[in-house]
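Visitor: I have a structure open here and would like to go through it. Can you take me around?

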Amino acid sequence: MKQKISFNFAYLFFVLFFLPFSLFSAESIQDHWEKIEKKINAQDWEAAKPLIEKAVSEYPEEKIFRGLEIGILRNSGNVEESIGKARAAISKWPEENILKEELSYSLCSSFHSILKKTNFDRDSISKENHSIAKEAFSLKDSEWSTNLYGLSLRLQKRYEEAIQIFSEGYKRYPNEKHFQEQIGHIYLDQASDALDESQFQKAILLSEKSSRYLPNNEKANLIIALGWLQTDPEKALPYFTKAHEKEPDQKNYSQNLLYIYSQLVNRWIREKNFTKLSEAFPYIKKYSSLPGKQGIGFLSIWNQISNLDESFSELISFLKDKSQKYPDDIDLKVFYGSVLNKLSMKQRRNDPVLAEQMQQEANFFLRDGMKRFENSHPNRTSFLGIYFPLNGFVATASPFDAGGTHSGFEKYSYDFVHVDRYGSRLKPGTLGKNNSDYYSFGQTVYAVEDGVVFDLHDESNDNTRLGDIHFGDGNDIQIKHENGLFSFYVHLKHGSIKVTKGQKIKRGDPIAEVGNSGMSYEPHLHFTVVTADGISTYYEFEELKVHTGFQEIKTSQPYERGWVIEK
């Protein structure tokens, strides 16, 4: 907003046409005026100041000179002095509208300076400051005072009053488009407030109102997109796609795209909407090229899509090329290993030898990535003496760092299966063709420590094709503990979860049952403890009786493959 150079040229008319006909002093007043007029026309306010001071001192009763004095002082930067002179003159001539108009202009100049000084920060502008704009408007509803008073009301969040003032201003000054623009900005302010208060539909409606006054306004479009992001992500997708194309280095856009595609792909997978998945895939592949964690996020979505038809080859080829481009990216290294591990498990159906070669390569990337991570993150929080999550005879099917889903960022993970006293997983007289043939299926799972249920999933049916690997998400529970760590219970039986999100849990509380959901060959519990970044960390269970195959011991040390815990 530019400060206006204001001068009331009504005085020119009065001086030029009436003063020449004054009495004996007219000529002297005319002389004064001619000198002052030259300086005013040249906007040489400093030179005009001594001239007007002399004129006022010689003709103190001339209201014309008083008005000129106020305007010259204001335009020379002496705003507060001009306000003082104006108030003094009005106290002497209270009915003189021209003097009130000059005071209004000086008050406008004062409030405008406050706005510039505070950079329009509403918290830095006092009630006393706002009263200046109100007084200026009450004295004279000029274009300037109307605009400043409306802006004052807007900054005070008195939005309805501000809209009324700007609407009236537009009626009086229809050629001044900024009144309409200000109304648009008010709706935008309200939309932003609604967004902050999580009133997403209201934010969308107000932003749409704003767009009528501010066509193609970027902020209005952004608020609409952010509103849809929380209510209907698919409607937000075109905005953030276009915004990312325009500013590919703007991380907020790619982060929002990651959130949108995460939500939509999960939904489309549930709905089996393969048309939508096919349309989205080129974009997901494109964004997978992004460096760092955002690229990993899109790769994870790609991985979800690949799980549907087990088409991992293209993803692995992409990861291989990207790993060569970013050889020091630990996340990428581990992710590459995890997808190789999936391809290895798939390959076991047809070529066990090739599958083993792939597995060795996958384990190399997984272990190397985790080693680098742990070397760069020493002294990570550990969890000791936690409650064992199962009862009975429980065998360690996969121990820490056993390769595949027990290496990389999941290094500190166990697979547990229930067995009988002789080490059999199957109930007598069964062949392992049904989940119920296994001792594990339906066994109670217990919380390892006090905490709060952070997240859970219970949408997946238990696998019925036993002995073959299944790719996809399973049922799980995540419990957050007071030390900031999370215990993770995976492959749970569908419909068995006994807790709700946000529920407080005590050590040893029953929370679910062992199942065979997700990436699982047979019923078992996959258990791990992770930090807030989702990376597993070292832990030990309470001291328990353990059968090692050679001896019976009581220990809390990490279990090895085949050890049977008795509880």
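This is a predicted model: local features need pLDDT of at least 70, side-chain atom pairs count only at pLDDT 80 or more; totals for chains, interfaces and linings use all residues.

Visitor: Which domains does the protein chain have?
Guide: The assignment gives domain 1 (25-175), domain 2 (201-376) and domain 3 (383-566). Such bounds come from an automatic or database domain assignment. The centres of domain 1 and domain 3, taken over C-alpha atoms, are separated by 78 Å.

Visitor: Helices next. At what angle do α6 and α7 pack?
Guide: Helix α6 (residues 97-118) packs on helix α7 (residues 127-139) at about 150 degrees, and their axes are 8 Å apart. Helices here are DSSP runs (H or I, at least four residues), as are strands (E, at least two), numbered from the N terminus. Axes are lines fitted to C-alpha atoms, for helices over the stretch in contact, and angles run from 0 to 180 degrees between N-to-C directions.

Visitor: So what is the arrangement of α6 and α7 called?
Guide: α6 and α7 are therefore roughly antiparallel to each other. Angles under 35 degrees count as roughly parallel, over 145 as roughly antiparallel, 65 to 115 as roughly perpendicular and the rest as oblique.

Visitor: And α16 with α17, how far apart are their axes?
Guide: The axes of α16 (residues 292-309) and α17 (residues 313-325) are 10 Å apart, at an angle of about 160 degrees. That makes α16 roughly antiparallel to α17.

Visitor: Which residues of α16 and α17 meet?
Guide: Gly-295, Leu-299, Trp-302, Asn-303 and Ser-306 in α16 meet Glu-314, Leu-315, Phe-318, Leu-319 and Lys-322 in α17. Contact means heavy atoms within 4.5 Å.

Visitor: Now the sheet. What is the strand order?
Guide: The open sheet has 10 strands in the order β8-β5-β6-β7-β10-β3-β2-β14-β12-β13, with antiparallel pairing. Two strands pair if DSSP finds at least two bridges between them.

Visitor: Which strands stand at the edges?
Guide: β8 (504-505) and β13 do, each with a single partner strand, so one side of each is left without a neighbour in the sheet.

Visitor: How many bridges join β12 to β13?
Guide: Four bridges join β12 (residues 544-547) to β13 (residues 552-555), and the two run antiparallel. Leu-544 stands opposite Thr-555 in β13. Their hairpin has four residues between the strands, and Gly-549 takes a positive phi near 100 degrees there.

How values were computed
Residues are numbered from 1 along each chain as its sequence is written. Side-chain values use heavy atoms; hydrogens and water are left out.
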